[in-house]
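Please look through the sequence and the structure before reading on.

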Amino acid sequence: FIFVCATSSTTLKTAQEAHRLKLIKPILAGERQAIEKEAKLIGWSLKNIDIVATVNEEDAISSSVNLFKSGNISGFIKGDIHTDIFMGGLVKKEAGVRVGRRLIHVFIMLPPNGGEPLLISDAAINIKPDINTRVEAALLMAEISRKFGCTRPKVAILSATESILPAMPSSVEADEIASLARERDPDADFFGPLSFDLAISPRATAEKGISNQVAGKANALVVPDIESGNILFKSLVWCAGGLAAGLVLGGSVPIVLTSRSDPPQARLAAIALASLE
């Protein structure tokens, strides 16, 4: 896996720990002098660690893509680089990362005291995802859920209601998304529309008399747009103590898309999950 712009202590500490835990073999792309200086400050000798020397953000992502095209990269990890430059370099057709499927961002939310993860898509890339994009999100989350050991994933397509209301477009679209996803993946359960509480809470479904294969048991949620997804995942992080491991799925290799505010545990969790891909 290549860390694109691995020039800060935070990024290098993540790479060092991922290497120590044998999650991945890191490659560091960025300004060599800055990498070596920060590595020395954290006590990392960089012995047997490959460095791809670059001069700026654009050069770092371009050089990383070229290394990927040579067959030496199993995934990309965002370092100290702006997201638009990082993703912009990866979505170009000539990069070879896009392979016909839409790129979908998924947060794997890990509860603070252990327990089953809850997947949320898309809270970081697709601003106003159309129906087909959300179908793709549902299918990708079902796929990665099975890699976690979930034998039959249950995916809820969220709205503000469990009823199909023409005045609320997301509820009408949720029903269509669930139907299309069922046709393409018979080994998972898809249902929508569902409100957040009815998707995850057995008590809420019992009180409202809602009964289907997903209600109260969902392990993955498809949100209507980036605003709702962003608010939902940050609420779970800041108000409920959840850990958000972010991945971009749908490409030829996994992409770890981190934020500067992500704690080290979230970065390592995302790398660990990416290594399963």
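The lining of the second largest cavity is made up of five nonpolar, three polar and two charged residues. In this count Ala, Val, Leu, Ile, Met, Phe, Trp, Tyr, Cys and Pro are nonpolar, Asp, Glu, Lys and Arg are charged, and the others, Gly among them, are polar. The model is predicted: local features need pLDDT of at least 70, side-chain atom pairs count only at pLDDT 80 or more, and totals for chains, interfaces and linings use all residues. Residues are numbered from 1 along each chain as its sequence is written, and side-chain values use heavy atoms, with hydrogens and water left out.

**Cavities**

- The structure holds two cavities of 30 Å³ or more. A cavity is a set of points, on a 1 Å grid over the protein atoms alone, where a 1.4 Å probe fits but cannot get out; lining residues have an atom within 4 Å of a point. Grid points are joined across faces, edges and corners, and a volume is the space filled by probe spheres set on the points.
- The second largest cavity has a volume of about 30 Å³. Its lining consists of Ile104, Ser121, Asp122, Asn126, Pro129, Thr133, Arg134, Ala137, Val222 and Val223.
- Helix 5 (residues 131-147) gives the largest share of that lining, three residues. Helices (H or I, at least four residues) and strands (E, at least two) are DSSP runs, numbered from the N terminus.
- Phe3, Thr11, Thr14, Ile77, Lys78, Val256, Thr258, Arg267 and Ile271 line the largest cavity.
- At least two residues of the largest cavity's lining come from each of helix 1, strand 4 and helix 10. By class, the lining holds four nonpolar, three polar and two charged residues.

**Asp122**

- Asp122 sits in the loop between strand 6 (118-121) and helix 5.
- The peptide bond leading from Ser121 into Asp122 is cis, with omega near 5°.
- Asp122 counts as buried because its relative accessible area is 4%. Buried means under 20% relative accessible area, exposed over 50%, and partly exposed in between (1.4 Å probe, protein chains only).
- The side chain of Asp122 reaches two backbone nitrogens: that of His105 at 2.9 Å and that of Ile125 at 2.9 Å. A polar contact is a pair of N or O atoms within 3.5 Å; within protein, one must be able to donate a hydrogen and the other to accept it, and residues adjacent in sequence count only if both atoms are side-chain atoms.
- Setting aside neighbours within four places in sequence, Asp122 contacts Leu103, Ile104, His105, Val223, Asp225 and Ile226. Contact means heavy atoms within 4.5 Å.

**Largest pocket**

- The largest pocket has a volume of about 640 Å³. A pocket is an open set of grid points with protein on both sides within 12 Å along at least five of seven lines.
- Its lining counts 27 residues, and Thr258, Ser259, Arg260, Ser261 and Asp262 lie nearest the centre.
- Strand 5 (104-110), helix 9 (226-240) and strand 10 (243-249) are the elements that give two or more residues to this lining. Helix 9 has the largest share, five residues.
- The lining of the largest pocket divides into twelve nonpolar, nine polar and six charged residues.

**Helix 10**

- Helix 10 (residues 264-274) is mostly covered, with eight of its eleven residues buried.
- The buried residues are Ala266, Arg267, Leu268, Ala269, Ala270, Ile271, Leu273 and Ala274.
- Their cover includes strand 1 (2-4), helix 1 (9-20), strand 4 (76-78), strand 5, strand 10 and strand 11 (255-256).

**Asn219 and the cysteines**

- Asn219 lies in the loop between helix 8 (202-208) and strand 9 (220-222). With a relative accessible area of 14%, Asn219 is buried.
- The side chains of Asn219 and Ser145 make a polar contact at 3.0 Å.
- Not counting residues up to four places away in sequence, Asn219 also touches others, including Pro117, Leu118 and Cys150.
- Cys150 is partly exposed, at 26% relative accessibility. Cys5 is buried, at 6%.
- A search of the whole structure finds zero disulfides, a disulfide being a pair of cysteine sulfur atoms within 2.5 Å.

**Backbone notes**

- Gly192 to Pro193 is a cis peptide bond, with omega near 5°. Pro193 belongs to strand 8 (residues 189-194).
- Lys22, in the loop between helix 1 and strand 2 (27-30), has a positive phi near 60°. Lys22 is exposed, at 74% relative accessible area.
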